[in-house]
Amino acid sequence: MHPVDPQGAETDGSKILVEPLSWDRTLFNQFMTVLAFVFLALALLPLLALLFEVLRLGLPNLSLESFTALPAPPPLEGDPPEPNGFGNAIQGTLIMVGLASLISIPAGVLAAIYLSEFAKGSQIAAWSRFATNILSGVPSIVMGVFAYAVIVLSTKTFSAFAGSVALSVLMLPIVVRATEGALNLVPDSLRQGAVALGATKVQTTFLVVVATALPGIVTGVLLAVARAAGETAPLVFTALYTDLWSEGLFSPTASLSVLIFNFYNDPDPNRIQLLWTAALILVGLVLFTSILSRLAIRSPSTQRR
Amino acid sequence: MAQGVAPLPQQVLGTGRSLRRRVDQAFIVVTGLFALLIVAVLLTIAAQLAYQAWPAVQAFGLSFLTSATWDVIDSKFGVLAIAYGTLVSSLLALLLAVPVSIGVALALTEDFLPAVVRTPLAFLVELLAAVPSVVYGLWGVNVLVPLLFPLMEWLNLKFGWIPLFSTPPQGPGMLPAAVVLSIMILPTIAAISRDVLSVLPTEFRSASMALGGTRWETIFRVLLPAGASGILGGVMLGLGRALGETMAVTMVIGNAPQISPSLLDPAQTIASLLATQFGEASEPLHVGALMYAALVLFGLTLLVNMIAELLVRTIQLERT
Amino acid sequence: MLKVRDLNIYYGQKLAVAGVSMDIPPRQVTAMIGPSGCGKSTFLKSLNRIGELDSPMRIKGLVEFLGQDIYASRVNLQRLRIQVGMVFQKPNPFPMSIYENIVYGPRLNGTRGSDQLDQIVEKALKQAVLWDEVKHKLKESALGLSGGQQQRLCIARCLAVTPKVLLMDEPCSALDPISTLKVEELIRDLQQELTIVIVTHNLQQAARVAQQTAFFSVDLSQGVAGPGQLIEFGPTRQLFESPKDERTRDYVMGRFG
């Protein structure tokens, strides 16, 4: 049964609905969709081009020797090729990032524990959080200048130690933010449960809260480590660079990133080869860490839901 | 507390508790000190820069900011040309990066794509932020600069009458630096814009669509205005990053401290100045001048980041 | 005005609403009642195809507006939604001034000229009985209004594009009793010019405003919720006082009596 539609008679409904929008509205809509995707492609293009270039130039010369040998001196005519590698830079990066981690990770985690567990909403926490945010926006080169002023000028030598200090200041806010974020995700019921069982604050914090938040903390720490490993600016005039093995914490020390910066203008093809392989290692390291942390972040949160 | 409830001797219970309480209190104090350490580090950085810059501050005063001469041999130092290079390269990078970043954020928040495709693409954009600066520089020198060179020549040939393109390109220069910078700050702006857009109430979208708005009319007339302050916060963070970005810029900008209207000319930024000169600076006045320059950069980024912080914080307040 | 035949609505593989047929008469208020999850909102959102925004949705069957199949491929969604406006559960004014909220729709459709827009604003706000309360603060943010005022603003915003049908999805569920009464009064005024379809949880409200009422329900006897179905549709008085279907009677007695 189709009852008569009184309005249907006076208006031709079919025309109202199928009449297209004005051409400028249609065109604008389609143009913008295309533009958004062009922009997306434009954003991803550099990443893909860069990865391609680093793989193309870095991979062929990657060998065990890259990790164990020192950079070969400029070849003399007729000499047999010498072993060519960046063992010194690997060593230096490991020393400096390791030492920076030793300084910044405990400090950062403890500070984050205070911010998340003991001082929510207090004045100290507000200042500390503000300082953390500002510090994470301070350019890394300024961290280098700071370490130069405090360490290099007073010890009168460029050193791995100065580089480590610069890197640790760089890592500190990253560790604090990541740890605080992870601790905040721990439900309050767990804390109350632990306290109800008679646990002290120290016990509650470490055995319950930190233990629960550990995957998140580890992820944040890994990202901070990867970031520090890739940084150049804080090391360029603190740890400087040397073609030799490091002679200790208080002597100039090579690093992968500074090696790339120092060699990129070098006329020696051996060194150009070397720096692309070093770039491959660096990029591989950060990408690996990023993907790893992505997976680590995703799995606990999906479990929790 | 519940003293006397347990049959335990009160003495034992008391000392055990007070010891435990003391450990707890000590722990809180220790963590609190580490929280304050962050504030102390920030203040120490500022104080150290100011202290080390003092010789140069005394020698040049505020004329340091208005003089464009950076002459190491004659020990005449002014930061104007370098500050100009810093600001122009960063603003130019924003000009390039902001539209692209917002486009990326929209393409990844609106339902153009199924989530299966969207998530990995968003992750790839995030990876852009993970690539070390020095590797961007390396890529810039070897790929981007040769790629841009013909374009720069063409700009000079056809549009040389415009001051912006009035000099023959030399390869490295302001334009390539801005392009590299824009790639590096893009993920920051895109990520924050995406966050801002994805927390806007879905009701805005449906209300606009129900009034006969198309998708892009909704985006331009409702979503972007509603998210404007948050997106601006992201832009400021991107600007802060661009101002302080060092290695990649150092490698592609040509490092010539000059004020030239032409984008094809080499230039210099404060960060690249520090990176190239600190290692070999020995004259106290030279070191002081570099410290003074670092102080200017520190102040500049501090200002920008504080504005960004305030903008982002107002959004968090609005949300609650 | 709206003709629905054998309408099935699917979300993915799940059948959400099954086999609905009804004719919605012009210039009357038609209410949709029923328990939560009975598909009345889903059904409402299929009438101007706004449900497609939230999640991918398929339909089978026919929905006609003025004799035109709204799911035909040539239909322009923007044109459809201007004709069939919608007021949502939660007041959702844009974060702009009151004036900008009202002129949003007309501007999209190419109305320019401040005189013309001023007239539209005044007319729509008067229709929505909001003019006297806001005429002195048209340039102030719409978010400063009370919940009830915001909802009437949203109604005015729809009226500004002169729709033929107004769909209302529980428009008063977020409002206090006084605001609710005002909106109900407004609905009664508007029906002289408009066809209104309102989804409501509140049976008294349906009884107060609607000439026609449709009762939706969902079959729970299998242990899992089946698709939403139209149980009974007829004049409101009849549906409330002498329902033909036992399920309608149970629902109406349980909630109304």
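1. A residue is called buried if 20 or more other C-beta atoms, placed from the backbone, lie within 10 Å of its own. In helix α7(A), the residues S140(A), I141(A), V142(A), M143(A), G144(A), V145(A), F146(A), A147(A), Y148(A), A149(A), I151(A) and V152(A) are buried. That makes twelve of 16, and α7(A) is mostly covered.

2. The model is predicted: local features need pLDDT of at least 70, side-chain atom pairs count only at pLDDT 80 or more, and totals for chains, interfaces and linings use all residues. Residues are numbered from 1 along each chain as its sequence is written, while chains are lettered from A and ligands numbered from 1 in the order in which they are written.

3. Chain A has twelve helices and zero strands (DSSP runs, H or I of at least four residues for helices and E of at least two for strands, numbered from the N terminus). The radius of gyration, taken over C-alpha atoms, is 28 Å for chain A, well over the 19 Å of the globule rule for 305 residues, so the chain is more spread out than a compact globule. That rule is 2.2 Å times the number of residues to the power 0.38. The C-alpha trace spans about 100 × 70 × 35 Å along its principal axes.

4. Of the 305 residues of chain A, 47% count as buried.

5. K156(A), with a positive phi near 60°, follows α7(A).
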